[in-house]
Amino acid sequence: MTGTDIRNLCLSALALGICALLPLSGSGYWLSIGVTIVMFTALATSWALFSGPTHYISLATAAFFGVGTYVTGLGFETLPFWSLVGIAAVLGAVLAALVGLATLRLSGVYFVIFTLGLAELVRQVITWVQNRSGQKGLYVLTDISEADIYWMLLALAGAVFLAGWLIGRSRLGFALRIIGDDETVAVHSGINTALSKVLLFMVPGSVAAMTGAILAPRYVYIEPSLAFAPMLSFQVVIMALLGGAGRLWGPLVGVIPFTLLWESISSSFPQQTTLLLGVAFLVIVYLLPRGFVGLLDQIRQRAAPKDPEAQA
Amino acid sequence: MKRRTALKFAAALALTTSLATGAVSAETIKIGAAAPKTGPLAGGAAVSQWPNVQLWAAQVNERGGINVGGTMMPVEVIEYDDQTNPGETIKAIQRLATQDEVNFIVSPYGTGLVVAAAPIFARYGYPLIAVSAITDQQPALSKQFPDMFFTLGTTSALAEDTVKILTDMRDGGQLGNKIAMVNVADAFGIELAEVARGKFKEAGFEIVYDSSYPLGTQDLSPVMKGAKAAAPDAFVAWSYPPDTFALTEQAIIEDLQVQAFYTAVATPFPGYGARFGAAANGVMGPGGVNVDDPKFQEYAAAHETITGAKPDFWASATTYASLQILEQSIEAVGLDRKAVADHLRSGTFDTVLGPISFDENNNNQAFWTVGQWQDGVFKGVASRGREGAVPVILKDGWQ
Amino acid sequence: MDILITGLLLGGTYALIAMGLNLQYGVARIMNLANGEMLVAGGFAAFWMYTGGQISPFLTIFLLAPLTFALNWLIYKIMLQPLVKRAKTRGQLETDSILATFGLSFVMVGLMLMVFGGDYFNYSYLARPIVIAGDTFALNRVASFLGAVVICGALYIWLNRSRPGLSIRAIAVAPESARLVGINVGHLAALAFALGGAVTAVGGALLSTYLTLDASTGVIFTLKALIIVIMGGVGDVRGTIVAALLLGVVETLVATLLDPGLTLAAAYTLFILILLFRPQGLFGKKPT
């Protein structure tokens, strides 16, 4: 571990600590926006951990998220909350592993639509089982406050960053970079591409399931159409891509401005929210072809044209 | 680090927006409303929720406002679209409470979204007069959120009264003993079907067809064919809007001969009567109103004049009544939210539906449970504690 | 027999939903997430013409087709062509078009909300029984099935017989080689995109005779269309037709013989199985 690494780690820990103070500000409004930001940070960063190097676009976030909310919805009366998050993590990882084993040989758009179909399939099966068992609506009435949820999500997001950083330094991360550059080369250098990809796919699966489990008390009422809403999968992809999926911190710089933009449009133009969100989207896509990471790189390049890192 | 600067940027952003929207005179009462304008529930909210908020505000302001301790204060409505997303509902209610600092907030729309918003209402001390939240969990919910009130009834009451109507018809020799029941496989349909299934068996009915179909099914003809093949005497569907229309159309096409035909959400919509015309005659659904009550007629006329659309025969009038309740509470005790909540618990309110008061579980005990299309209007045929129910008629073909 | 006909009728519905997207994705390489909104817009137009002027949806489509063709042509030229030009790789175009059309779908929902409001809309058209082989079916579904047959048939013949059609197929199979043999790829991609949009809008007009729609329902159709297109194989009209019919029959089979609650689960299982055993779709060419 080099000095820069230690410095970065300390700074990140400090930033995390500062973020953790948000609930103490007493503003429920900023806290609810904070929850949204942290939630999407965890989801989008973990998504990019897999999709950044492999270039696979996964729309399965809603499937894992929904499974997580159902774990909490079904188990919160009998089991302690922390164990539910753990169960969700394991279930999410197992589900992701199964999906990964079956599908990662699909390429490009086939994988995209497959994951979309998967989310719908899981939702249909859960709904059917719920219908068969005559399960009444799931009400998660707990004492868990929004601040608790915020802290848990923040810890999760921190863990995602740490995991991402460690993966980046590990043999797995190295292998994945090679796969991302050229899969044929990777195979020839003796990398088990399938295994690497499956392992990595378990990360977003598990994180999304945990996020769902943590957020269930916030939604109070769990029903399939809300827990598995496909919009979530799209939002995560959009935010990660807007930020830039190639860097660990890329999604973060997508999530924050995006959430704030979404919020300011929702609050200022309640009659045309959807229309203006769409327009904002288009503007971003056309003006920022390489996401916010690209924009920042450009600025840095201009500021320090000789910085070799910026040209990479 | 980055987040802190982003927060600063956002704070500046919020400041400018609040400056833009916050320029209202201190003499108005600010009412917040967050409900779907887009997303899966937007269609229902466009019929039952939004027009009533608009109507009520227009009428109050036409009268000069609400009388608060001798001063007439007009109301100003701040609306947000929650996109049928509980996360957005939570943010919107937060925003209304802390940024717009509204005096009161209208209940969101749809069980899931209302319940998701309940903790926020409770935290900031806003009373929540829920309309479109039908649940049997009222005791638990009102225990956790003491200022949450319910107006539209319970799941069990809706299902029980439907079964009771059919039982009475059977015992009167008008109806056979065979029931076909289907439900949409979502929380609402599952809950209702579950209660009804037990009650039908208790009442000695034979359920000859019992099935569910997923939300968003594009072809319900297999369902209707299956039901028809079982030769039922009555058909009951715990359905959502698109399927309510589709099931009825399929029943017409299959010429399903039953003495009683029931579909759920959207059956009381004026669009249902307009769509099926004479064929709708005899179709039963949830809700209903006393259409002969001059108060309802006056309300319906004003609804059409001001919003350009007819009210539905279930949640519309109840949504309007919930706003009347709020208005009367404010006139009685002023703008203090705690006092209003206490007044809601103890008072009796004169609404378009008749008098409304809340029991120890914050539940309105008087509500309509079953209605039926008769000669172009959807009349209440069963209720809990409401006057004016008309006798039920037999479903006589589809012509 | 009854199951088969019901299933085929539903398959016709699915073909109408997916055919336009197949052209847009297969040839123009635009994964159009606003596809469902175009369908709802077509439905709105039919609804409006029918309730306002008692004009049959089957006449409305003749007005609708050229209008939406022009509209989609403009969308492609103004919005999507710059993305195509700037994209260095196929992957980047895919990402960019997902982002852009996702934004476009929001814009379209917002516009429809402004113009028509958020209410459900439907109307009664040809809601009469028709007896085929001893069983009753809805006449509006049969009529729209025939509409689907005509549209798909015309497309198939056009793609296989006419010069622009053959060029479009060439692009779908090998865009690079097509350019080499002197095919104007940019021009034909715009043509395919516009044609796809028009087909989708016409499909929406036909579907509106028996489905209840509102401004926000588009996404449901987009999801279904994506799945059908991928199942059938990208860029192949036959594949989409076969996949749509197969899906319709399987859903009806499951609904009738097993449990209507499992129809969509069965549909997605079928989709997933097909992708696992034939990753390029039923009629797709193996990627080289």
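I began with strand β1 (residues 29-35) of chain B, which pairs with β4(B) in the parallel sense over 7 bridges. Strands here are DSSP runs of E, at least two residues, and helices are runs of H or I, at least four, numbered from the N terminus. Two strands count as paired if DSSP finds at least two bridges between them. Within this pair I found A33(B) opposite E79(B) of β4(B).

I noted that the model is predicted: local features need pLDDT of at least 70 and side-chain atom pairs pLDDT 80 or more, while totals for chains, interfaces and linings use all residues. Residues are numbered from 1 along each chain as its sequence is written, and chains are lettered from A, ligands numbered from 1, in the order in which they are written.

I then looked up the whole sheet: 3 strands of chain B, open, in the order β4-β1-β5, with parallel pairing. β4 (75-81) and β5 (104-106) of chain B are at the edges with a single partner strand each, so one side of each has no neighbour in the sheet.

Next I turned to helix α7 (residues 155-171) of chain B, which has 17 residues. Its buried residues (20 or more other C-beta atoms within 10 Å of their own, C-beta atoms being placed from the backbone) include L158(B), V163(B), I165(B) and R170(B). After α7(B) comes G173(B), with a positive phi near 80°.

Last, I checked the contact between the chains. Chain A gives 41 residues and chain B 42, contact meaning C-beta atoms, placed from the backbone, within 7 Å. On the side of chain A that touches chain B, α12(A) has the largest share, 7 residues.

Key:
Two residues are in contact if their C-beta atoms, placed from the backbone, lie within 7 Å. The expected span of a helix is 1.5 Å times one less than its number of residues. A residue is buried if 20 or more other C-beta atoms lie within 10 Å of its own, exposed if 12 or fewer, and partly exposed in between; C-beta atoms are placed from the backbone.
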